[in-house]
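Have the model open beside you as you read.

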Amino acid sequence: MDSSELDRVVRDAFARSSTRADGETLTSNATTTLNAIRGDDSCWKLCLDAYVKSRVAETKFWCLQTLAETLRELVARGATMTVEDAETLRRGIGTCVGEASDVGTNSPAFVKNKLAQACALSVALEYPERWPTFFTDVANLLTRGASGVDMFTRVLEALDEEVIATIEAGRSGREDQARSMRVKDAMRADGSIQLVFDAWRQCLQHFTRAEPKVATKVWSVARRYVEWVDVSVVASEDYVRCAKECLMLADGGDVDEDACAAATSYLHAVVTKGMDIATKVQLIANTGLVDVYGALQSLCIARGDDLDEEFVTQVTNLGSAIGTELLSAHRMENVTALGPELPARVSAMLHQVTPLVLSSIGFRHERAVLVALPFLYAYVSHVKSQPALLSTAQPALEVACQALIARGSFPVENTDGLDWDDGASALTQEFEGEVLSLRTELNVQFKNIARLAPQLAREVVRQVLTNAIVAGDLNSRRWENIEVAVSALYTLGEGADDPAVKPMSTEERSKATNGTGEVTETPLGALAVSLIRCWDANAGKAAHHRLVAPIFLETCVRYHAILEHDDASLLVALTAFLDARGIAHRDRAVRSRACYLLARLSRPLRCKLSDRVEDIMRAIHPHLIDIARSLPEQNAVNTTVVSVSASGIQSRAMAESGNDDTLYLFEAVGVLLGADEVDEQEQYRHLSQIASALCHQIEEVVDGRSGADDLTRVALATRAIIAFGNVSKGFAQRTCLTARPQTGEVFRSCLATSLRCLDIWPRNASVRSRVTGLLHRMIELLGTTVTQYLASTVDRLRRDADALELRETLVLFNQLLATYKAELAPFVVQVLPNVADQVFRTITTALAQASEQAMGGNVAKNTETIRESEELERTWLTTAAALGANGLLTPTFTGHPNAEITSALREQLITHLLRTASSHGSVSARKVALQALKSFIEEWLGDDRPNEPTGAPEGASKTFTIKYGPRDDLLPGFASFVFDRVCVECCVVPALRGDLDLADAASVAVLNESFAILAIARVRKPQALSSTLHRAFADVLADQANAVAGEYLAAVDAYAGGKPHTRSSKSLRALVAATTEAIRRRGRVLGSPHIARRGS
């Protein structure tokens, strides 16, 4: 096939579209033809010939691609060419490279890159054995000028990518590493590496000023070889001189930023090259790299805004590398290896380079800033490890603190369409997020310095605050400077060892304040006081800015200890919270944050603020009504609105459906009003006003008088309920029940009003959640006085409830049991039968539906309906266990008239527990069922022991931990039921039948519960259990029955006599395993196993 024919086939194969009707056929046929050519072992010869003859770039590329694939396959197989083929390859490659390097050829870059790749694979295949002159041949390209240099660098770059680089290029195989090492060793041995670097040096000397793009490429490729080439070559005097000339350091001329960045990157590779520490220090000193970096840094500082980000970043990278290496040399363990003279030079160079690197933190380009931060961290750690260095490090640390604070500020320059005071703008949020993300990184370093040198950090913050808020004309003060200054004070207080921000004992506080105990006189306290006192007079309009207002409030909360001791500061802070800079701010996010922060501030200062309640409530009350009736926008809950510039964290503590942080204002009010120092009548008056407004809001939407749609009505009702709960958080049970009972009446009326929502929206998840949450809170606050509402509430919650809603009702029921215990017996008798009936009907219905939908007779256990019914069953089992744990079994199921009312439930409950404990597929369900049965047995099984523990059953331990039971069974026939059904079917048979995996901890817990029941039965009625076990084993073990029963009784006795924390299941598992094996050897079975698993 001649070149013109190949051009046509390649064009057809790679055509993206065709106007001809047979276009797809042509493409398919052309692809088939090309694949056929590739299938020929000698296709690479055709490709070499066609490359030279064709003038079509796509054809040239295809030829080179096919050649490269052939060579790569040969390299991978470790194959070699014949002598004739190798000669043909060398001549062909040489011709192709020569043709691509001709000045007038103008080959596309993608063709040259593919040719360079083919050259690199040729090296892997033929060098050095049969092509020892490869690098000499390629170096001859340099005589062709810039085009030859371009091809030369492309070949060397491809050689590194395809052969020399291994792990970093994703090639970690043994063959790849061996090939790379072979090529590198050969280049060292025959002088090729020296030849290559000499050639590059000549290119740099010729093209640095004439054609900087060529020099840029040379530096970039040479950098790849620095890691493994000898330092005398890569850091020779000639190369350092070339780098300085490229950087224009000799004459101060203009720089080409791309070339300078590449040269700087090369020097960085030299500095980070692996070598012993003494050699590294000598290299840095002899080449004057510190001075080189200093000149570059001065250039970046002088013209930072005009220079390209890549150049500035590379300069910072170089400085950080030099500083890091000098830090390493300055460590105590390395100083001895430097000899007598070098340590002093290291100290001098480190002292010179450190402030320069740290000044990079102030650069406009974020990449450069992030490059400098690791060095700062390393420097601080170094000073921390050698405290003697702290005094000499003060200037550098001061530079770092100043740079960290300044760089964290919001930019002053204007951006089209950007308004920092518009928090709803997507552009503003994007820019704000970027600033705060960087500030987070900067604050980590700032706090690191503050822990090392707190006095220095405080002084820097003091200077920043003075410059931003005190110095200059009021109209000239910028909000950006004020915001970052206050943020610095906020950050400084995080984790500081100062009474102004850290809770301390009286003794610790006295020591920290030189015996005065006044937190306003501590270093941080005095700084915070000076800021807060001058805030109103000096902040001006900036105090109202969307980003300034919340950080001031955050700072007041962090330094709340000084507000407690300084009335003037407290007044300033409180005013800022209550006016248009806080809860009345025009920006919703700031208002929300202010409400949350006021709730936080009010707790530690509630006593201090008690004499200001009237003034505070006068300012807050209008906002309370607005907040209760103002529904948050849907996207306001889901969108992160940044309102705290110091930490960049927006609270989401209450960000749930129908909720937002403004409702924290009700919690703040509750905390203030709930203080004992507040006058009782004043407390009652304000609380009644709030409760009346909220109850009116609920009644309005419940009665349908609001005229709003149903969704809005639900939202308004739930907000009022949440507000009730938040207000109640500030009150104690003692206040509501004994000290000021009229306060409790207010909350009871709120609860009664809130419960009406369940009549209108019984199935609404939000309403159910909020009402039950309020009920939980009222139970804690009002105690037994709310029991009158419990039965009706549970009936409302279970009305037409599905499995999930019924489970939530049981959770509430269980909480009531745990809270009121035996006092709740009348409620349990009234409510539990109906609840239980509904639970069993729901579970039965779910299983019946699953059976009807089953395919092939197998019930699908992974459906949502089955999952919810199983969770309901587990919760019901927990309820059964809770009845026993809280002493409600006997009051509920025995005695007149409760026994008659609950007799059906008792039988239904016990039957379900028996079935679950003996055959349920879930290990956790069996465990809970056994716990519930154990409660019944402890309460109702008669005790044959004497009134005082004068002795133990024969063979039992002398120490008993089993509590005494009634003298007689509380129910007729209960003892027979326990021994015949529970002990055998639930405690003995399942483990021997193979239901449990005794290598699993959950199954072992079931075994322990089984033996706990056997222990109760053994201690209370020893002979009855002995007879039961002998009968149980007689059918399956015959003559061994007595021996096995004796072993079981001995294990039960040991279990009953041991203390709970000393009981071990190891012997129990061994006994079960031995008994199971004895039954198996006799060929007897205890029925088909009902396997119990985790999570079933």
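What follows looks at the cavities and the residues around them.

A word on the ground rules: this is a predicted model, in which local features need pLDDT of at least 70 and side-chain atom pairs count only at pLDDT 80 or more, while totals for chains, interfaces and linings use all residues. Residues are numbered from 1 along each chain as its sequence is written, and side-chain values use heavy atoms, with hydrogens and water left out.

A cavity here is a set of points, on a 1 Å grid over the protein atoms alone, where a 1.4 Å probe fits but cannot get out; its lining residues have an atom within 4 Å of a point. Grid points are joined across faces, edges and corners, and the volume is the space filled by probe spheres set on the points. Counted this way, the model has two cavities of 30 Å³ or more.

Start with the largest cavity, which has a volume of about 80 Å³. Helices (DSSP runs of H or I, at least four residues, numbered from the N terminus) H21 (390-407), H22 (426-452) and H24 (479-492) each supply at least two residues of its lining. Among the lining residues are Leu 404, Arg 439, Asn 443, Phe 446 and Thr 491. By class, this lining has six nonpolar (Ala, Val, Leu, Ile, Met, Phe, Trp, Tyr, Cys and Pro), four polar (the others, Gly among them) and one charged (Asp, Glu, Lys and Arg) residues.

Now move on to the second largest cavity, with about 40 Å³ of space. Its lining includes Leu 687, Phe 724, Phe 747 and Cys 750, and divides into nine nonpolar, no polar and no charged residues. Here H36 (680-702), H37 (710-728) and H39 (741-760) each supply at least two residues, and H36 gives the most, with four.

Notes
On a 1 Å grid over the protein atoms alone, a cavity is a set of points where a 1.4 Å probe fits but cannot get out, and a pocket is an open set with protein on both sides within 12 Å along at least five of seven lines; lining residues have an atom within 4 Å of a point.
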